[in-house]
Amino acid sequence: MRRLLIFSIVSCVIILFSNSIAGAEKMDLKTFNLQNGAKIKYLYRDNIPIAYVSVLIPASPLDEPKPSVAYLTAHLLTHGTKTRTATQIEDEIDFLAISIEKKVTYDYTILTLSATKRHLKEALNLFFDILINPSFPEEEIKKEISRVEKSLKQMEQDPSFIAYKSFLKTLFGPHPYGRLIEGEPEELKNIERQDILEFYTKHYTPNNMIFSIIGDINENELRELIEKPISMWYGQKKTRNINPPSFVKRDKPLKIFINRDDLTQSTIIIGFEGISRKDPDFYALSIMNYILGGGGLTSRLAKQIREERGLAYSVYSTFNPYLLPGAFYIEVKTKAENTHTVIKLIIEELKKMKEKTLTSEEIKEAKAFLSGSFPLRIDTMKKISEFLPVIEFYDLGDDYIKKYPEYIEKVTIDDIKKVANRILNTESYILVVVGKN
Amino acid sequence: MKHLVLSLIFILIFPFMGFSKIKEEILKNGLKVIYIEDHSSAVSTFQVWYKVGSIDEPEGKSGISHLLEHLMFRGSKNYPGNVFSKIIQSQGGIDNAFTTKDYTVYFQKLSPSKIQTSIDLESDRMANLLFNPEDFELEKKIVLEERRQRYEDDPENLIVEEVIGIAFKQHPYRRPIIGWSEDIQNITLEDIKNYYHEYYCPSNAFIVIAGNIKIEDVREKIREKFESISSSCFPSRRIIYEPKQYGERRVILRKKTHLPMLVMAYKVPAYPNKDSLSLEILSTILGGGQSSRLYRKLVKETALAVNVYTGNSALSRDGFLFFIFVSVKEVDKIKEVEEIVKEEIERIKNEPPTEKEIEKAKNQVEASFLFSQDSVFGQALYIGKFEILGSWKMINQYKEDIMKVTANDVQNVAKKYFNLNNLSVGELLPK
């Protein structure tokens, strides 16, 4: 039995920060594959007496029978277990000064425990209890639903939220990517305890979970406090059954105006179909997006709209590369009377990106930024803890951190041109404006 | 017995960890440089802190510190034009700045091998900022858009701005950091130039450089670029006072919102006044986490609120406000919520918090310090905030003092500061 509990397979050791850009000391990352299918990524760091434990669960709105169920399941984990009430859990979290963050994305759920070394044992005991033995009490479900409903209604006052919600719905229709992760306030009342229980039983199974542990935990502690509870946990094996969105063809721009007379600014979103994370154009699109509107104040959109004309404080473009194709969009806020001018400027910039040549300087700068700033994406233990499972989930390879600069460097000017013409839909974009008529 | 053991370990870990690799030096022109060597990640941060914020602004010029912050990105003698961010980003770094009521910070996060770029750019804009009239007018427009976005179209921020506005009658803290629109419009380029020359000089600034650096590698580089900058600036510090308050003050704002919001603000002192530390502990007991007294009462037991949190600002150049924010579920319950908050405050005044509550609060103080050390940027900010108050070395005293706070201290500060002649209330109601 003891043999079963120790690490079954040590699959690999990879080096973080080994590229010359980062120039930092090397750190050994270990990966363990357990017999029940769970994976553990482990990095020992003792410079601060703290530790982070993350677990990625492949469960999201893509798997939901009803909207909000993935979100509610994750958030209700800390509302009661077989041996602890919600109040006891809250007391323990606050007394031990730990935090258990729950983040539900469109593709997965990730929980992250942060604890000081001094309270690590109790913290891990609690963390595995809420993960393995949640009880989802009826009373707590009601309270959480009421809280989420109120919060959603409050968020619906925020012009960015309204514009984004309307854009997603228009682009993705009934697909789960077309609704908010929290769901719709009106539909929350349809959720029953059984929905949450079933979702948990079906999707919170160890066989596809990816754990990452980083911080002041030695290998003995890892074995006793982490591997042991995970190894003893058996659940159903599951495979995900997910469907890609079917986009409705548009032959001209689709314009949506949402009136809010109380606002001084218009919030404008212009967007269209994007790509999935596995799309071969991912790196070319990353560079194109940086040049267009992802590069902060140096991007073309920021230059035209903010820096040279003073028409906005915030303007950017971004894209959501999910398991399945996500969205590409631009958001800007401008004084109501400048709405048309700004929309015109954005469309001009999109056309320019498709039709005119990019300068080699622009491409060089974009590549230098994307490669050079990569270490900033993993410059804390917490960021590493949340990043490692994501690399595994999207199957980017254990050498992803090392290889990223190569992937970026390989992109040619033609690749960027091609992806600009593929993605920037200047003929039939979706436009949402929230503001004064 | 368990408590005793815990306390002992606590003392061993908390006061002495973290700051062994910090060194400082003062250049000939009065510029202090603080070095933090931390090789746990691949990155570094370079921060220039100017001891100027909205507290220093003259009447009618609210927002001038922040407007100058924007202009600092529009070029200097050796780097003319809008090139600062472009240069940093092309080195794989990111840059930004922020203005507070007490100070203004410019920073980059980048590879230690590129730190010379930060040194070149920051030293040039400390000495030789350009004041292009066109850029100035553009930045004014941008700041006005920022104000619309962040305040005029955001009722929750607007109510906080209004509460701060009524809490102080005379003190410059009453003015918003971003400034009032009319003031922003009236600031001239001449005002900005004068303000820059008055406050932006080596003796009114300090550098914090942190991360995967070697002090001996960066020291000469910094000295070469910064030490020759003239130190001749004489920042004026206004005589600041706030007349005694008589009676509770209240502002009611009706805007398009779904959830009403209650904001209660009590005037409180800042560190090194030791009461500020007892107030930090009190803030955790009242609103830190879901087991806190107000969260339990308002969100869990009565279910009148969606959320509640508290905020104290011990690390201010002058006494500021202890805030209690409640997002209330129904508009007709806002009075009841306010009564409950006041009852909870009375409860603390009548009976000191339990030892367990004090221990919990101290655990949270310790954890939040340790977690802030996880990023080199966070470490540098932590150091900078204390340096603004006089010296980063005050941190050790601060940690020692906060661990000494007792239940009676907490009760005493509640009695001393939480009274109606010290209170300003804001109600955000749906229109």
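Which residues does Ile159(B) touch, not counting residues up to four places away in sequence? Keep that in mind while you get your bearings.

This is a predicted model, where local features need pLDDT of at least 70, side-chain atom pairs count only at pLDDT 80 or more, and totals for chains, interfaces and linings use all residues. Residues are numbered from 1 along each chain as its sequence is written, while chains are lettered from A and ligands numbered from 1 in the order in which they are written.

**Stop 1: Ile159(B).** Select helix 6 of chain B, residues 155-167, and find Ile159(B) there; helices are DSSP runs of H or I, at least four residues, numbered from the N terminus. Ile159(B) counts as buried because it has 25 C-beta neighbours inside 10 Å (buried takes 20 or more other C-beta atoms within 10 Å, placed from the backbone). Now show Leu253(B), Met261(B), Val263(B), Gly426(B) and Leu428(B): Ile159(B) touches them, contact being C-beta atoms, placed from the backbone, within 7 Å. Then pick Pro202(B), 43 residues from Ile159(B) in sequence and 37 Å away, C-alpha to C-alpha.

**Stop 2: confidence.** Colour chain B by pLDDT, the predictor's confidence in each residue, from 0 to 100. Its mean is 93, and 95% of the residues of chain B reach 70 or more. Residues 1-17 of chain B are below 50. Where pLDDT is low, the predicted coordinates should not be read in detail.

**Stop 3: between the chains.** Show both chains: 59 residues of chain A are in contact with 51 residues of chain B. Select helix 5 of chain A, which gives the most to the side touching chain B, with 6 residues.

Note on methods: Contact = placed C-beta atoms within 7 Å. Helix = DSSP H or I, 4+ residues; strand = E, 2+ residues; numbered from the N terminus. Buried ≥ 20, exposed ≤ 12 C-beta atoms within 10 Å, placed from the backbone.
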